[in-house]
Amino acid sequence: MANHKSSKKRIRQTLTRRAHNRLFHKTARNAVKALRNTTEKSAAEALLPKVNAMLDKLAKHHIVHKNKAGNLKSAMQLHVNSL
């Protein structure tokens, strides 16, 4: 266990940030799943900008790698185009 005051604070901050990041990452993953399971083109086109914005935000804050976000966005766009 940590002995220094600063390391105890760092542990608290890390736990808080981890919970925050996990929430947003899970939310985005659920949105991607919802878009993948959509079979109506109009609904998918309406959902696509929201999912792209979520992925961009996750990449901006280093929650997911920028290339992973780009790959997911590309796959989502291909799915919507194929409907």
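Reader: What should I know before I start?

Author: Residues are numbered from 1 along each chain as its sequence is written, and side-chain values use heavy atoms, with hydrogens and water left out. The model is predicted, and local features need pLDDT of at least 70, side-chain atom pairs count only at pLDDT 80 or more, while totals for chains, interfaces and linings use all residues.

Reader: How do H2 and H3 cross?

Author: Two packed helices are described by the angle between their axes and the distance between the axes. Here, the axes of H2 (residues 41-60) and H3 (residues 66-82) come within 10 Å and cross at roughly 175°. That makes H2 roughly antiparallel to H3 (the word covers angles over 145 degrees).

Reader: Which residues of H2 and H3 meet?

Author: Contact means heavy atoms within 4.5 Å. On the H2 side they include Leu48 and Leu55, and on the H3 side Leu72 and Met76 are among them. The contact's residues split into 8 nonpolar, 3 polar and 5 charged.

Reader: And which residues of the largest nonpolar core touch the most other members?

Author: In soluble globular proteins, nonpolar side chains tend to be buried together. A core joins buried nonpolar residues (under 20% relative accessible area) through side-chain atoms within 4.5 Å. In this one, of 14 residues, they are Leu35 and Val51. H2 gives the largest share, 6 residues. Beyond four places in sequence, Leu35 touches residues including Leu47, Val51 and Val80.

Key: Axes are lines fitted to C-alpha atoms, for helices over the stretch in contact, and angles run from 0 to 180 degrees between N-to-C directions. Helices (H or I, at least four residues) and strands (E, at least two) are DSSP runs, numbered from the N terminus. Angles under 35 degrees count as roughly parallel, over 145 as roughly antiparallel, 65 to 115 as roughly perpendicular and the rest as oblique. Ala, Val, Leu, Ile, Met, Phe, Trp, Tyr, Cys and Pro count as nonpolar, Asp, Glu, Lys and Arg as charged, and the others, Gly among them, as polar. Buried means under 20% relative accessible area, exposed over 50%, partly exposed in between (1.4 Å probe, protein chains only).
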